[in-house]
Amino acid sequence: MEIINTIGRRKTSVARIYMKPGKGEITVNNRPIEVYFPFDLHQIVVRQPLALVGVDGTYDIKINVDGGGIKGQAEAARMAISRALCEFDIEHRSALKKEGFLTRDPRMVERKKAGRRKARRRFQFSKR
């Protein structure tokens with residue numbers, strides 16, 4: 001039995017997954033996906049690549065996520081699952097790439113600069 005290990009990133013979140021053929025069980029940080037991601041939207045985001053290639057319910061996936069927020073973690077998991085699906089079957093690559101699931105989203109929060117209120121926002125200018 002082959003276990004595929006891949007990594008996905010989004011903002012400051014990192015998702016490491018272990019995927020193997022099975023009954024379709026998805027666990028996130030040793031908890032069921034329904035418990036870890038209580039909002040349906042985040043569960044849908046994680047399952048998007050599986051639904052797209054039509055293999056929902058055929059792989060057992062163990063996800064370890066770290067850093068960032070709930071949305072970033074869900075999107076990092078989506079990227080990792082997409083990469084794993086490509087390793088299982090190269091035929092899936094074109095469909096996943098077209099949806100943008102294999103592209104690393106480089107947008108991250110800009111750091112706060114010294115002498116400013118935020119990253120770019122200055123303090124209010126007073127002439128007198």
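**Exercise 1. At which residue does α2 bend, and which proline follows within four residues?**

The model is predicted; local features need pLDDT of at least 70, side-chain atom pairs count only at pLDDT 80 or more, and totals for chains, interfaces and linings use all residues. Residues are numbered from 1 along each chain as its sequence is written, and side-chain values use heavy atoms, with hydrogens and water left out.

Step 1. Locate the helix. α2 covers residues 40-53, 14 residues in total. Helices (H or I, at least four residues) and strands (E, at least two) are DSSP runs, numbered from the N terminus.

Step 2. Check its span. From first C-alpha to last, α2 reaches 20 Å, close to the 20 Å expected at 1.5 Å a residue. The expected span is 1.5 Å times one less than the number of residues.

Step 3. Find the bend. α2 bends by about 50° at R47, and P49 follows within four residues. The bend is the angle between axes fitted to the seven residues ending at a residue and the seven starting there.

**Exercise 2. Determine which residues of α2 are buried and what they pack against.**

Step 1. Apply the cut-offs. Buried means under 20% relative accessible area, exposed over 50%, partly exposed in between (1.4 Å probe, protein chains only).

Step 2. List the residues. H42, Q43, V45, V46, P49, L50 and V53 are buried.

Step 3. Find their partners. These buried residues pack against β3 (26-28), α1 (33-36), β5 (59-66), α3 (70-88) and α4 (93-99). Contact means heavy atoms within 4.5 Å.

**Exercise 3. Work out how β5 pairs with β2 and β3.**

Step 1. Take β2 (residues 13-21). Its pairing with β5 is antiparallel, over eight bridges. Two strands pair if DSSP finds at least two bridges between them. V14 has D66 as its bridge partner in β5.

Step 2. Take β3. Its pairing with β5 is parallel, over three bridges. Here T27 has K62 as its bridge partner in β5.

**Exercise 4. Identify the residues with the most contacts inside the largest nonpolar core.**

Step 1. Define the set. A nonpolar core joins buried Ala, Val, Leu, Ile, Met, Phe, Trp, Tyr and Cys residues through side-chain atoms within 4.5 Å.

Step 2. Read off the residues. The largest core has 29 residues, and I17, V46, L50, I61, I63, I81 and L85 have the most contacts inside it. Its largest share, eight residues, comes from α3.

**Exercise 5. Is E75 buried or exposed?**

Step 1. E75 counts as buried because its relative accessibility is 14%.

Step 2. Leaving aside neighbours within four places in sequence, E75 contacts R10 and V45.
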